[in-house]
Amino acid sequence: MLSRRALLQHLSMLAGLTALAGCSLFGESPTSNPSAAAKPSPARATPTVTRPASTAVRQAAVTPSPAPAKPTPVVAPGAWSLGSPMPTPRSEVAGAVANGRIYILGGLRPNGVSSDNEVYDPATNSWQKRAPLLEPLHHAAAAGAANAIYLIGGYKQTGQPSAECWRYSTANDKWERLKPMPTPRAALGMAFFAGKLYAIGGIQQQDLPTVEAYNLSSDRWESLAPMPTPRDHLAIAVARTNIVAVGGRVGSFVRNLPVNEVYFPAEDRWQPASPMPTPRSGIAAAVVRDQVYVFGGEQPSGSFNQNEIYNVESNTWRSGRPMQISRHGLAAVAIDNRIYVIGGGTQPGASFSQVNEIYQG
């Protein structure tokens with residue numbers, strides 16, 4: 001039998017061991033002094049020994065880290081692939097979509113001005129030749145609406161700018177002449193919106209700010225608020241309920257512009273927008289998910305492979321994955337969130353290609 005003194009010593013030792021065991025069960029850090037940690041403590045001292053260490057651990061765990069630096073914009077994800085090449089090498093073409101097929105019209109080819117009408121079907125990755133233009137044209141503009149393709153302006157074989165407006169029936173494979181534009185011009189932009197064709201900018205003797213709209217139902221042209229910056233070789237795109245007019249040049253590709261201006265059809269007014277990062281002309285644009293993708297272009301030292309993307313809602317730009325083949329005077333058309341970038345010259349000036357690149361963002 002233990003004496004009263006020995007029993008008290010034994011109970012005191014058990015209390016110390018219990019305190020140490022409590023520290024390890026709660027995962028609390030041991031004190032920084034090893035000898036103090038090894039020395040048994042009375043049971044009552046447990047809160048004062050262990051809580052400060054535990055509190056320090058918890059405070060360290062919730063101390064916020066410094067905010068990371070704002071990342072540098074990076075190239076947006078996206079992938080390019082090659083579709084079946086266009087049958088006729090061309091540049092300075094017009095392109096539009098109707099009934100899920102892409103129509104590439106006119107342009108320049110190695111032996112002169114083209115009247116070609118070649119149609120690409122993404123579903124079969126194949127091309128067909130359809131009824132040629134009734135007049136060879138280059139630097140014209142095109143847009144699709146319902147079962148028709150509309151073609152306006154451009155340069156004739158004589159080098160004179162055209163005022164003609166043509167309609168091609170995809171069902172009948174026939175062309176017909178409509179009422180001409182009031183202002184003859186080439187290297188213009190075109191958009192179809194709310195039953196009207198909008199002819200924007202371009203060049204005659206000099207660069208034009210002219211905006212004219214053709215009402216399909218009334219067969220009438222009307223003059224609208226001029227574009228703030230006269231220019232040619234620009235790109236036009238419809239995003240939401242607005243028309244975006246981006247890039248272009250003044251007279252020559254030595255004077256490329258980064259200008260970006262937005263037209264509000266309901267109010268007949270223009271508003272400046274965030275400029276394109278790379279001043280370019282001879283470009284093409286297409287819209288996916290209300291974002292405007294702008295491809296290609298030319299300058300004295302070469303053609304561009306840039307793919308820059310304008311977000312209409314945030315009025316900001318970002319870089320997309322560049323084209324595999326630099327080109328200008330090309331067409332860009334979107335179908336089912338894919339963009340088909342077709343034709344164009346690989347070198348500044350008179351050059352030609354059959355390239356059909358497909359961008360999946």
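In strand β11 of this predicted model, R177 is the bridge partner of W166. Strand β10, which covers residues 165-169, is joined to β11 by five bridges, and the two are paired in the antiparallel sense. Both belong to an open sheet of four strands, ordered β8-β9-β10-β11 and paired in antiparallel fashion. The edges of this sheet are taken by β8 (141-145) and β11 (174-178); each has a single partner strand, so one side of each is left without a neighbour in the sheet. Direction ignored, neighbouring strands here are turned against each other by 25° on average.

At the other end of the strand order, β8 runs antiparallel to strand β9 (residues 148-152), and five bridges join the two. Within this pairing, A143 has Y150 in β9 as its bridge partner. The two strands form a hairpin with two residues between them, and A146 in the turn shows a positive phi of about 55°.

A194 has a phi near 50°, positive although the residue is not glycine. A194 sits in the loop that runs between β12 (189-193) and β13 (196-200), and its relative accessibility of 63% places it among exposed residues. R240 likewise has a positive phi, near 60°, in a residue other than glycine. The loop that holds R240 lies between β16 (235-239) and β17 (242-246). With a relative accessible area of 46%, R240 counts as partly exposed.

A second open sheet is also made of four strands, in the order β2-β3-β6-β7, and its pairing is antiparallel. Here β2 (94-98) and β7 (126-129) stand at the edges; because each has a single partner strand, one side of each lacks a neighbour in the sheet. From one strand to the next, the twist averages 25°. I104 is found opposite E118 of β6.

In total, the structure holds 13 aromatic pairs. One of them is formed by Y103 and Y168, a tilted pair with 5.7 Å from centre to centre and 55° between the planes. Which parts of the chain does this pair link? Y103 belongs to strand β3 (residues 101-105) and Y168 to strand β10, so that distant parts of the chain, 65 residues apart, are brought together in the pair. Burial applies to both partners: Y103 counts as buried at 2% relative accessibility, and Y168 is buried with a relative accessible area of 1%. Another tilted pair is made by Y120 and W127, with 5.1 Å between the centres and 45° between the planes. Y120 and W127 are both buried as well.

Elsewhere, W80, Y293, F295 and Y359 are linked into a cluster by ring pairs. A charged residue also meets a ring: R269 lies over the face of F264, at 4.2 Å from the ring centre.

Finally, some values describe the chain as a whole. The chain contains three helices and 30 strands. It has 361 residues, of which 47% count as buried. Where contacts join residues at least 6 apart in sequence, 49% of them connect residues at least 24 apart. The accessible surface of the chain comes to about 17,600 Å², and 55% of that area belongs to carbon and sulfur atoms.

Technical notes: Residues are numbered from 1 along each chain as its sequence is written. This is a predicted model: local features need pLDDT of at least 70, side-chain atom pairs count only at pLDDT 80 or more; totals for chains, interfaces and linings use all residues. Side-chain values use heavy atoms; hydrogens and water are left out. Two strands pair if DSSP finds at least two bridges between them. Axes are lines fitted to C-alpha atoms, for helices over the stretch in contact, and angles run from 0 to 180 degrees between N-to-C directions. Rings of Phe, Tyr and Trp (its six-membered ring) pair if their centres lie within 6.5 Å; planes under 30 degrees apart count as stacked, over 60 as edge-to-face and the rest as tilted. Buried means under 20% relative accessible area, exposed over 50%, partly exposed in between (1.4 Å probe, protein chains only). A charge sits over a ring if NZ of Lys or CZ of Arg is within 6 Å of the ring centre and within 35 degrees of the ring normal. Contact means heavy atoms within 4.5 Å. Accessible areas come from the Shrake-Rupley method with a 1.4 Å probe; for residues, only the protein chains shown count as cover.
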